[in-house]
Amino acid sequence: MEFQTSQLNEMSTISGNNNGNGNGYAPKQPAKAKEIKAWLVSYLAELLEIESDEIDVTIPFDRYGLDSSAAVGLTGDLEDWLGSDLDPTLMYDYPTIEALANHVAS
């Protein structure tokens, strides 16, 4: 599942991290854990076709029914948004939105 460009631009605008090239894919400065959590919640809500407020950042990704291909897709899209390389297995090492966001932000 790939985030639509308009949603990525919206997340860049919300976080205040628009890199100025208009594509919204990468923050101009490192994203903070709060911004990454917001991006992950929005992404997961769209993927699962549920409301963002139904996403609990402390619930493991596998409890939301994400399979390995969805995990790799999410990691790849997050990598694009951040503009940095991420290990596709990060979701297994950091199994919640909260843990993943905190790790990526550090």
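Tutor: Before we begin with this predicted model, note that a residue counts as buried when its relative accessible area is under 20%, and as exposed when that area is over 50%.

Student: Is Trp81 buried or exposed?

Tutor: The cut-off for a buried residue is a relative accessible area under 20%. Trp81 has a relative accessibility of 0%, so it counts as buried.

Student: At what angle do helix H2 and helix H3 pack?

Tutor: Helix H2 covers residues 33–48 and helix H3 covers residues 68–82, and their axes lie 11 Å apart. The two helices are oblique to each other, and H2 passes H3 in a right-handed crossing. The angle at which they pack is about 135°.

Student: How many nonpolar residues does the contact of H2 with H3 have?

Tutor: Residues of H2, including Trp39 and Tyr43, meet residues of H3, among them Leu78 and Trp81. By class, this contact of H2 with H3 has two charged residues, one polar residue and, as the number you asked for, 10 nonpolar residues.

Student: Which residues do ring pairs link into a cluster?

Tutor: The structure holds two aromatic pairs. In one of them, Trp39 and Tyr43 are stacked, with 5.0 Å from centre to centre and 25° between the planes, and both residues lie in helix H2, four residues apart. Trp39 also forms a stacked pair with Trp81, at 5.6 Å centre to centre and 20° between the planes, and this pair links distant parts of the chain, 42 residues apart. The cluster linked by ring pairs therefore consists of Trp39, which is buried at 0% relative accessible area, Tyr43, which is buried at 1%, and Trp81.

Notes: Residues numbered from 1 in each chain as written. Predicted model: local features only at pLDDT ≥ 70, side-chain atom pairs only at ≥ 80, totals over all residues. Heavy atoms only, no water. Axes fitted to C-alpha atoms, helices over the stretch in contact; angles between N-to-C directions. Parallel < 35°, antiparallel > 145°, perpendicular 65-115°, else oblique. Left-handed = near helix turned anticlockwise from the far one by under 90°. Contact = heavy atoms within 4.5 Å. Nonpolar A, V, L, I, M, F, W, Y, C, P; charged D, E, K, R; others polar. Phe/Tyr/Trp six-rings, centres within 6.5 Å; stacked < 30°, edge-to-face > 60°. Buried < 20%, exposed > 50% of the residue type's maximum accessible area, 1.4 Å probe, protein only.
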